Amino acid sequence: GDAEPAADTVSLLVAGTPDELAAYRSLAAEYQKASPGATVNLIEASSAKDLMTRVSTSVAGNAAPDLFLINYRNYGQFAVKGALAPLTARLAASGSLHERDFYPQAMGAFRWGGEQMCLPQNISSLAVYYNRSLFQKYEVAEPVAGWHWNDLVATAQALTRDAGGRTVKAGDPETAGVPAAVHGLGVAPELIRLAPLIWSNGGDIVDDPAKPTRLTLDTPEARQVIQDFLDLTKVGVVPSDVEVEAQDYEARFAAGKLAMFVSSRRVTTAFRAITGFEWDVAPLPQYRSPANILHSDAYCMTKASSRQDAAWRFLEYALSDPGAALMARTGRTVPSRISVATSPAFLSPGTPPARSQIFLDTIPALRPVPTISTWPEIEDATGKVLENAFFHGDPLDKVIADLDAATRPVFARGTAAR
Amino acid sequence: MTAGLRLRGVSLSRGAVTALRGIDLAVPRGELLVVLGPSGAGKSSLLRAIAGLDPVTAGTVAIGGRDVTAQRPGQRNVSMVFQNHSLLPHLTVADNIAFGDRIRGAGHRAAAARAAQAAATVGCQDLLARRPHQLSGGERQRVALARALVREPDVFLLDEPLANLDAELRLRMRTEIRAVHDRLGTTTVYVTHDQSEAMALGDRIAVLRDGRFEQVGTPDEVWRQPRTRHVAAFVGAPGMNLLPGDGPLTLPGGPATGVELGVRPEHVTLGGTPPDPLGEVERVEVLGEDALVHLTVGGHPLLARVPAAARPAPGDRVGIGVAAEHLHVFDTATGERVPQPTAAGRAG
Amino acid sequence: MTAGLRLRGVSLSRGAVTALRGIDLAVPRGELLVVLGPSGAGKSSLLRAIAGLDPVTAGTVAIGGRDVTAQRPGQRNVSMVFQNHSLLPHLTVADNIAFGDRIRGAGHRAAAARAAQAAATVGCQDLLARRPHQLSGGERQRVALARALVREPDVFLLDEPLANLDAELRLRMRTEIRAVHDRLGTTTVYVTHDQSEAMALGDRIAVLRDGRFEQVGTPDEVWRQPRTRHVAAFVGAPGMNLLPGDGPLTLPGGPATGVELGVRPEHVTLGGTPPDPLGEVERVEVLGEDALVHLTVGGHPLLARVPAAARPAPGDRVGIGVAAEHLHVFDTATGERVPQPTAAGRAG
Amino acid sequence: MVWHDFAAKRRSTVRGVPQRRRTYGAVAVTLLFTAPLALLVTGSLREPGLPPVVAPPLLPDDPGLTAYQQAITHGDLVRAAANSMLVAAVGVPLSLLVASLAGFALARLPRLVTGTVIALSVLAMMVPATALLLPRFVLFRTLHLTDTLVPLVAPALIATSPLYPLIYYLAFRAIPADSYDLCRLADLTPMQTWRRMALPQVQPVTAGLAALTFVLTWSNLLDPMVYLYDRAAFTLPLALRALAAMDPHNQPVFLAGAVLTTLPTLLVLGIAQRRFLHSYAPEGAS
Amino acid sequence: MDRDRRQLLLMLLPYLVGLVALVLLPAVATMAMAFTESDLIATSRFVGLANFVELTRDPAVRAAVGNSLSYLAVSVPLRLVLAVGLALLLHRRARAAGTARVAVLLPGAVPELAYGLMWLWLLNPIQGPVNQLLLLGGEGGRTMFGTLPPQWLTDPEDARAGIVLMSLFTIGETFVIVLTARLALPPEAYELAELEGARAGQVLRRVTLPLLAPVLAVLVLRDTLMSLQASFVPTLVVTGGGPPPYATTYLSLVLYQDAFEYLRYGYAAAVAALMLGLTAVAVLIQWRLLRRWASSGAVGVEVRRPGN
Ligand SMILES: Nc1ncnc2c1ncn2[C@@H]1O[C@H](COP(=O)(O)OP(=O)(O)OP(=O)(O)O)[C@@H](O)[C@H]1O
Ligand SMILES: Nc1ncnc2c1ncn2[C@@H]1O[C@H](COP(=O)(O)OP(=O)(O)OP(=O)(O)O)[C@@H](O)[C@H]1O
Ligand SMILES: [Mg+2]
Ligand SMILES: [Mg+2]
């Protein structure tokens, strides 16, 4: 439609599963109830990729929505091109929203060139999901805060079992003989899984997080972490590539065939459907110091929007206590608003995971990935190299060299952040 | 190698339409049988049944003593010219003629040579490189004929193969077909509408009507002793005049009821005197040497074929004479011929 | 409404093939012109040029005094029967016949009624609901004819409309066409291979050969005074015998060189005595009342048509007689007729 | 066997052998092509919310239609189906019209025009669909047509696929020249010739292309993804895509949606295929 | 003639308008972008041939070109043979033929995402029905041929074979078009061949294929054009372009990722241009081959053109 909508109408582009979308719909409805005369035009994309397509084509087609929700790893491309309206001034002037209401780690991720570009809606991080029933069955101690990577490996070894319940070394069924019925650990060979471990070991993944030009995985700290990570296959606690393709980590965990699984808050909703066993979350293991990686989405306002005031009013509602609580109840995200994150809306006693608190405990140790416009490409490129190395056991030096070669031109092309 | 042909009780239906009704036919090996019959009589259906292109609904077909009813057309070793002179649209004239040879594994060279020769026989030697759509109607028909003639099958089936040719060419082709037939001694079934072709070419003539044979006999028999009034009226161009037995013409014994009298136009003489009945000339068509005179006699139409020089003029009233030995008698009810003692004398 | 037809210098080429070479033709309104000619002569092309289906490469076509060379076929108001009797495969017989009427906006009822009537004229009244592929060859041709006849055009163009019909039906249809023609007075161009059809039907006959007219004249003229040896040989079934002027037959004045002598088989009498030349009987074909006798005379083939009753047997040696007034003389070099004083006497 | 292709038609009903072989072949083909799809159906019969499986068992333990209920309510499939039907009802006939008109014109126009248009069509087929998304979006945006169903119907203007006018072109070209001559003699305009003579003769082609066009239109995902923002205008593929994003436990819901989405196509294909064989040649009649 | 010509052009017009407005002009616009650095958000910048230079260095593009060409070489002939075979099997009325015709079309009608999911199940290396079938009659985890079962999703060769296998099930379009073309062939031609005793193979080679040649030529052309794009959904949904790094990365996937995931529209346009160029070359080669084949008399491509 081209008819000019009323001044109090805002359009909001979001992506998500049907239940998430339903939550946004009720958020919009609540807002409309709370402020009569206002309307929210919800534009629903069905996935993050779908959302990217829509944002980019609509911005190019001069039909951008007023607000959209985006992950901080992707927002850089929009920020750098000046497609976003800075929110610093509005936040400062706002009567209901204050910077201190939000976790600074999340806020920081969306600061660009000194301006607050978007307001975070959630703040997630990595955790170890574990099959509590298995731990109990095999009498293995449950993970505790501050555990070391080596503890994780040992625990995984203790839980890798064949059909008869004997501990085995997992591996290629051709060579290993007895196939493992339960694997100790599932972790995707990705840069964003390695990054917190490297940070924890005192290293970094790029030369300059503010203006990265290359990966720095050749430092001793990083090398150790990568070596440990790649050794998982040799140790024999993770499923092989064939097994992963046959059944992915998530389904494997849900089927009770994976004792531990490293993932973000995202899988919680799905795991809540598990009835066959008990499960919980544990903190990410560490090397020297606690470290974790930030996962966060934020509401961004487009510069082209002609209804920025109305959009801001909606934001004020959406990030308020009632608004944020509404979204928190889906279980899928960790709210960025401190008051809601610490409320039962998020901690939800009585529903798994019992230890949701660990998502909050790790927040001080959160770090974002470097903000550079080509970050998605870097993730894809490193993913390919790491996956190959992980499953086929390439030597460490070759892996590090390959990673560097694959990412250098992408860094060069990217526009760095702040 | 050639073989006779034997049909026993062959019927052929297509949905509600029955094209053949219990056909019995024996064609001795080496015979050339001409099939005559009105349009829609089932002539093409007969050939298709023999070739196996349409399955018979009853009866059996045997070629050379071998029952082929259940065999595919390709196994029956017959060669056929279709009425609509079908050719393969994507092949040149040469390739069309050589098609069968090539199928049967002949070398490219040999097939081409034989095709060229066959094309020459039908006068299409200059058209070898053309495609069917670049041919005139007659040319197409000749190519179709050439295609059938290159083979040496057990049975030739030719469906009006000369219909679209001029008289001169038709005569030549007719002679050619006869020559091929005589040389190979191939049993042949030949459908035509051309009376003189039928007479000149056929060892025997079969007259088909409404899916049944009315008469099968030598050309002479069919001409002189038509077994039914239909055959009488059908054979000849134009066919026999048929008049009621108590009409203007009568048998020597006087008017007879329940019969029809037939007389060929060629046997009607004009200019007779009473007691010959008088006829009125309606129209006269001059056909070269002869003239066809359309008359009305006692309310009945009558055709006479007379020398053009001796033709009357329209409107003339002329006496009509027919020699009694030229009168044919048919039972009105059954249409069958009533045998006559060979009586002399004049009808009047 | 009808109109005459006038062609001036019409040529028609298709790629390398030239079908018509400078045709001049005037058909007065109401005339029925029969076109005869060997296969591939350009007869169909002539009709297509008149109808405007193929663009002429030179010359003009006028209908009713109006130059239509640049007009679409549809504007010329002609009705045509195609040689291969094309019908539209998706329409029933009734719809095929009514096709043109419906296009010209006739009501469904009216068109159907007219179609049924036209179908009855050609004896296809029972086939109205069938589709073309369910018809026999002759039936298809009759439907095509009916479709052309429902119209009342300025010019009828009929391309061998009766080729696939039996003699009886052909005679009936021929009469029907003539009747329609006479009733509407429509200028008609009629292509046929059938000599008797040409003779009986045509007001005039045009003999086409190799894209040119050899002779245009009344049937009688064409029969009795063929302008060239080609016409002589072509017209008649079979056509004229042609022998060298210094061969077995001679003119009354004695052997002549540089000329050919023509004599119709009908005019050859057998059983003459010396000085008539002797011929040897090769083959005899009996065609009903007449017989066709193939002879060799002095090394030349000769055909004679004699009463079947008086036919010789193969191998007989018989004397050959030809009346001098039946001898036609043609210049060997040009093929043109050499006019003769009407002399009496016998050739020998 | 597959190549068993001699004109055995009517005889085959007598002896039955080739016909029976054809039937065996047809059954084999049916199994080969539908057996994998059975997985989708059995998957959709599982109870949603249970842990995901590696592959659904051929017979779920406890088959039920819960997933279908959820698909319809979650995915708003009813409204989406109505939109899809609207698009198909307008788009498919329009597309066939454009294709057959163009194909007819190509068959009748001089070689030069025909050659040029065919070359352009081939060129158009070469362009990757994704490469056209953005310029088209800008175009429709400029015309204020985004968020309407117009952009979804618009591909009908290129006959949905430039292949289809070419197929019509070949079909019209194969009609005997005499049929065209008959129409010219009757002074039919090209339009009348197309409608009264040409189109009825290529009915199998129309049926086939109608089926193909319907499938393409019905399953068009790329266009709605770009042009539709308003949920009320979503078509089935778009609604289905939303269901696809649900977590693996709810796969049955997505599968149920997929099955529901496919059903109308099945119906259309069934109807269309009956028309395939309806040709006027003797072959088809038997 | 004039009236007819005018009306014919009018009949062509809607299609021409669509062709120009919806395909050709947008294509030109996209091609123009190939010379810019453009991300759809900010104004674009002219970079000359830089994108094309980068194309030559991009490992993904290099792998994709190879993959795409090998896919084309394998899948196009296989698909055509299969579609023609099925069309000839099913063109005649026979019991169950109608159902089979629908069945062949059905895979193309299933929503792509569901179809992809289905193949993920089918090709599952351990529990997948395909490998289960292959293991029937074999022993000790080997197939009946004594080989290890294909690792559809983790072995590069097997994964590419899997993509081709998937493509073989979506031949509905080709199938329908061949089917309708076969129905239009003159029955007389077959009667002629039958009378000559032609065997099935001869009928196919000497009658059916030559008569279908024009349609087949168009279909080969189309399949070639589409094959560079057709591999898109399977790769996106089933293999995700892997096994790593680029085993089933086809140009269409590179194009999509660059344009809509990385927002490098200008570069993606260059990829599109590369695809266009490649298809143009493929088409040209095919055209040559077809022409040679036709002129050597193997096929009659020349079909009667209605006179005008
Ligand atoms: N489409 C065509 N392309 C090339 N030559 C053709 C074409 N149609 C006909 N001809 C040639 O043109 C000449 C005249 O053809 P036309 O059809 O007029 O002959 P016709 O007198 O009707 O012969 P027939 O009695 O055999 O039908 C013939 O030599 C024929 O081979
Ligand atoms: N496919 C068909 N379906 C239904 N009836 C048909 C079919 N083909 C022919 N007929 C009918 O079968 C009868 C015999 O047809 P057939 O073709 O054998 O006749 P014909 O003797 O060859 O006639 P013609 O001399 O006209 O070619 C006719 O009445 C015809 O209408
Ligand atoms: Mg017949
Ligand atoms: Mg002709």
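Predicted model: local features only at pLDDT ≥ 70, side-chain atom pairs only at ≥ 80, totals over all residues.
In chain B, the ion known as ligand 3 is held by the OG atom of B:S44 and the OE1 atom of B:Q83, at 1.9 to 2.1 Å. B:S44 belongs to helix 1 (residues 43–51) of chain B, while B:Q83 sits in the loop between strand 6 (78–81) and helix 3 (93–103), so the pair ties together parts that are 39 residues apart in sequence. B:Q83 has a relative accessibility of 15%; it counts as buried because that value falls under the 20% cut-off.

Chain C has a magnesium ion of its own to look at, ligand 4. Its protein donors are C:S44, through OG, and C:Q83, through OE1, and they lie 1.9 to 2.2 Å from the ion. Here C:S44 comes from helix 1 (residues 43–51) of chain C, and C:Q83 from the loop between strand 6 (78–81) and helix 2 (93–103), so distant parts of the chain, 39 residues apart, are linked. With a relative accessible area of 14%, C:Q83 is buried too.

From chain C, strand 6, helix 2 and helix 4 (137–149) each supply at least two lining residues, as does helix 9 (177–185) of chain D. Helix 2 of chain C gives the most, with 5 residues. By type, the lining splits into 10 nonpolar, 3 polar and 4 charged residues.

Chain D also carries some annotation. An unreviewed UniProt entry places the feature "transmembrane region" at several stretches of chain D, including residues 85–106 and 152–172. In the model, residues 85–106 are 100% helix and 0% strand, with end C-alpha atoms 31 Å apart. For residues 152–172, the figures are 57% helix and 0% strand, and the end C-alpha atoms lie 28 Å apart.

Finally, there is chain E, with 13 helices and 2 strands. Of its 308 residues, 61% are buried. Taking contacts in chain E between residues at least 6 apart in sequence, 64% join residues at least 24 apart.

Definitions and conventions. Residues numbered from 1 in each chain as written. Chains lettered and ligands numbered in written order. Heavy atoms only, no water. Donors = N, O, S within 2.8 Å, 3.2 Å for Na, K, Ca; no water. Helix = DSSP H or I, 4+ residues; strand = E, 2+ residues; numbered from the N terminus. Buried < 20%, exposed > 50% of the residue type's maximum accessible area, 1.4 Å probe, protein only. UniProt positions renumbered as here; feature names shortened; annotations may be inferred. Nonpolar A, V, L, I, M, F, W, Y, C, P; charged D, E, K, R; others polar. Contact = heavy atoms within 4.5 Å.
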